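Please read this briefing beside the sequence and the coordinates. It is arranged by topic.

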Number of protein chains: 2
Amino acid sequence: MRIGELAAASGLTAKTIRFYEQAGLLPEPPRTPGGYRDYPPQSRVRLAFVREAQSAGLTLAEIRSILALRDSGEAPCAHVADLIQQRLAGIERRLAELRATRTALRTLAERAATTDPSSCTDVDICSIIATRQTSDNEGLSASG
Amino acid sequence: MRIGELAAASGLTAKTIRFYEQAGLLPEPPRTPGGYRDYPPQSRVRLAFVREAQSAGLTLAEIRSILALRDSGEAPCAHVADLIQQRLAGIERRLAELRATRTALRTLAERAATTDPSSCTDVDICSIIATRQTSDNEGLSASG
DNA sequence: CTAGACCCTCCAGCACGCTGGAAGGTCAAG
DNA sequence: CTTGACCTTCCAGCGTGCTGGAGGGTCTAG
């Protein structure tokens, strides 16, 4: 099957499929005499797998590593379980960050609700966000 | 003050400060006869504000819009309150996405724990992630 | 005068997952 | 033969927030 057909079957674009090939997710298919990519039916399964894995939050690099293992004949189960745990940990981290940011924003939102525009002086730019005083000896330092 | 001093005072690098200038976050300072940037003391406040706003989860583009308002003489309070609400909504969305991904991953993790490598046949690549059958009439379609 | 710290501009790249376009080739129908 | 759908390659860009380096200029101390 040609790339357009595969694209239609998998719900991707031809561009994306070529990109996946270049990214090492889909092996280079044989070509027709005219130089067209000629995919075997299994390619649909492969692309479906890529999409499944993506929707599970795995990156293309991770998916590639799974596929590489499978292609080498090994059962990638252990590797997959590992990736899943790593991703899970990463997501927990990201969730914690986002929750912290949300807390910061909520504080700001509260402050915004109780802030009188007239209290916003020019020097501190925005008293909602930065409530610091503009004295000469404020202790600015690297915080990150 | 020169850029290095401002960098040290604000905990940023000179590179970052130039980048902020180019990004419209910090106005172009006057130059010394030798061509060096010569910052007024308020620049420290401005950079501190940028960092504060960043840690509150605002993007540089949003921060720029706040600063532009302030620079135009308006109190940006209402705008800031608006941005905060938008960011908050965005974060809620992102949190929901991440939680969904986490749920998907946890399902996968459970499956991984109970999967026997021998059940991973070659055709379906990885039965942990994709449990679909590889029959000829499987209904593959775009799933979003 | 030289060394060295500091500064300048400009260009390029990181990661991530594509997407768009240019310029051209292939193939079937009419 | 022409049209048009489809395909090819290659190059470039999106957005985000920087970071690195090249290749040079400025200033201060000794």
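Predicted model: local features only at pLDDT ≥ 70, side-chain atom pairs only at ≥ 80, totals over all residues.

Residues are numbered from 1 along each chain as its sequence is written, chains are lettered from A and ligands numbered from 1 in the order in which they are written, and side-chain values use heavy atoms, with hydrogens and water left out.

**Chain A overall**

- Chain A holds 5 helices and 0 strands, where helices (H or I, at least four residues) and strands (E, at least two) are DSSP runs numbered from the N terminus.
- Read from the N terminus, the order of elements in chain A is α-α-α-α-α.
- Of the 144 residues in chain A, 40% are buried; buried means under 20% relative accessible area, exposed over 50%, and partly exposed in between (1.4 Å probe, protein chains only).
- Among contacts in chain A with a separation of 6 or more, 33% join residues 24 or more positions apart, a contact being heavy atoms within 4.5 Å.

**Helix pair α1(A) and α2(A)**

- The axes of α1(A) and α2(A) are 8 Å apart, and the helices pack at an angle of about 100 degrees.
- Axes are lines fitted to C-alpha atoms, for helices over the stretch in contact, and angles run from 0 to 180 degrees between N-to-C directions.
- The two helices, α1(A) and α2(A), are therefore roughly perpendicular; angles under 35 degrees count as roughly parallel, over 145 as roughly antiparallel, 65 to 115 as roughly perpendicular and the rest as oblique.
- I3(A), L6(A), A7(A) and S10(A) on the α1(A) side meet A14(A), I17(A) and R18(A) on the α2(A) side.
- This contact of α1(A) with α2(A) has 5 nonpolar, 1 polar and 1 charged residues.
- For these classes, Ala, Val, Leu, Ile, Met, Phe, Trp, Tyr, Cys and Pro count as nonpolar, Asp, Glu, Lys and Arg as charged, and the others, Gly among them, as polar.

**Surface near DNA strand C**

- DNA strand C is surrounded by 20 residues, and K15(A), Y36(A), Q54(A), G4(B) and R18(B) are the closest; a residue is near a strand if one of its heavy atoms lies within 4 Å of it.
- Sugar or phosphate accounts for 64% of the atoms of DNA strand C within 4 Å of the protein, and bases for the rest.
- Phosphate oxygens of DNA strand C lie 2.8 Å from a polar side-chain atom of T16(A), 3.4 Å from a polar backbone atom of L60(A), and 2.5 Å from a backbone N or O atom of G4(B).
- Two or more residues of this surface come from each of α2 and α3 (42-55) of chain A and α1 and α2 of chain B.
- The largest share of the surface near DNA strand C, 4 residues, belongs to α2(A).

- G4(A), K15(B), T16(B), Y36(B) and Q54(B) come nearest among the 20 residues around DNA strand D.
- For DNA strand D, 63% of the atoms within 4 Å of the protein are sugar or phosphate, and the rest belong to bases.
- A phosphate oxygen of DNA strand D is 2.8 Å from a polar side-chain atom of R18(A), and one is 2.9 Å from a polar side-chain atom of Y20(B).
- On the base side, an oxygen of DNA strand D is 3.4 Å from a polar side-chain atom of Y36(A).
- At least two residues each are supplied by α1 (3-10) and α2 (14-22) of chain A and by α2 (14-22) and α3 (42-55) of chain B.
- With 4 residues, α2(B) gives the most to the surface near DNA strand D.
- That surface near DNA strand D has 6 nonpolar, 7 polar and 7 charged residues.

- S10(B) sits in helix α1 (residues 3-10) of chain B and is buried, at 12% relative accessible area.
- A polar side-chain atom of S10(B) is 2.8 Å from the backbone oxygen of L6(B).
- Beyond its neighbours within four places in sequence, S10(B) contacts I17(B) and L47(B).
- G11(B) lies in the loop between α1 and α2 of chain B and is partly exposed, with a relative accessible area of 32%.
- The C-alpha atoms of G11(B) and A48(B) are separated by 9.1 Å, although the residues are 37 apart along the chain.
- E21(B), in helix α2 of chain B, counts as buried at 11% relative accessibility.
- Leaving aside neighbours within four places in sequence, the contacts of E21(B) are L26(B), E28(B), P29(B), R31(B), R37(B) and Y39(B).

Technical notes:
Polar contact = N/O pair within 3.5 Å; in protein donor to acceptor, adjacent residues only side chain to side chain.
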